[in-house]
Amino acid sequence: MNNFEFKKFVGNKIFSATFTKKDGSLRTYNARVDVKKYTKGGDNPVEHISNYCTIFEMDAGQYRTLNLDTVVSLKCNGEVYASV
């Protein structure tokens, strides 16, 4: 899944993403994309990389960079995307 497919799947809705961390454990984020509330301006350094996406994690109230190559499953609007 690349950045374009990811944004098309989740839209501007809240989604749940489960991914594999570098140490091999799983983590789940409840997040949204295209949140502008806490930005200070400037350029997003990962915006041009096709397998990374900047998301806003709702639980922590912070921005995160999600590596789409490590995503195990996505849930949004009752739909589930599971990678193999």
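Me: What makes a set of grid points a pocket, and which residues line the second largest pocket?

Reply: On a 1 Å grid over the protein atoms alone, a pocket is an open set of points with protein on both sides within 12 Å along at least five of seven lines, and lining residues have an atom within 4 Å of a point. By that rule, Phe19, Thr20, Lys21, Lys22, Tyr29, Tyr52, Thr65, Leu66, Asn67 and Thr70 line the second largest pocket. A note on the source: this is a predicted model, where local features need pLDDT of at least 70, side-chain atom pairs count only at pLDDT 80 or more, and totals for chains, interfaces and linings use all residues. Residues are numbered from 1 along each chain as its sequence is written, and side-chain values use heavy atoms, with hydrogens and water left out.

Me: Why is phenylalanine 19 called buried?

Reply: Buried means under 20% relative accessible area (1.4 Å probe, protein chains only). Phenylalanine 19 has 10%, so the residue counts as buried.

Me: How do you know which residues phenylalanine 19 is in contact with?

Reply: Contact means heavy atoms within 4.5 Å. Leaving aside neighbours within four places in sequence, the contacts of phenylalanine 19 include Tyr29, Leu66 and Thr70.

Me: What makes the lining of the second largest pocket nonpolar, polar or charged?

Reply: Ala, Val, Leu, Ile, Met, Phe, Trp, Tyr, Cys and Pro count as nonpolar, Asp, Glu, Lys and Arg as charged, and the others, Gly among them, as polar. The lining divides into four nonpolar, four polar and two charged residues.

Notes: Buried means under 20% relative accessible area, exposed over 50%, partly exposed in between (1.4 Å probe, protein chains only). On a 1 Å grid over the protein atoms alone, a cavity is a set of points where a 1.4 Å probe fits but cannot get out, and a pocket is an open set with protein on both sides within 12 Å along at least five of seven lines; lining residues have an atom within 4 Å of a point.
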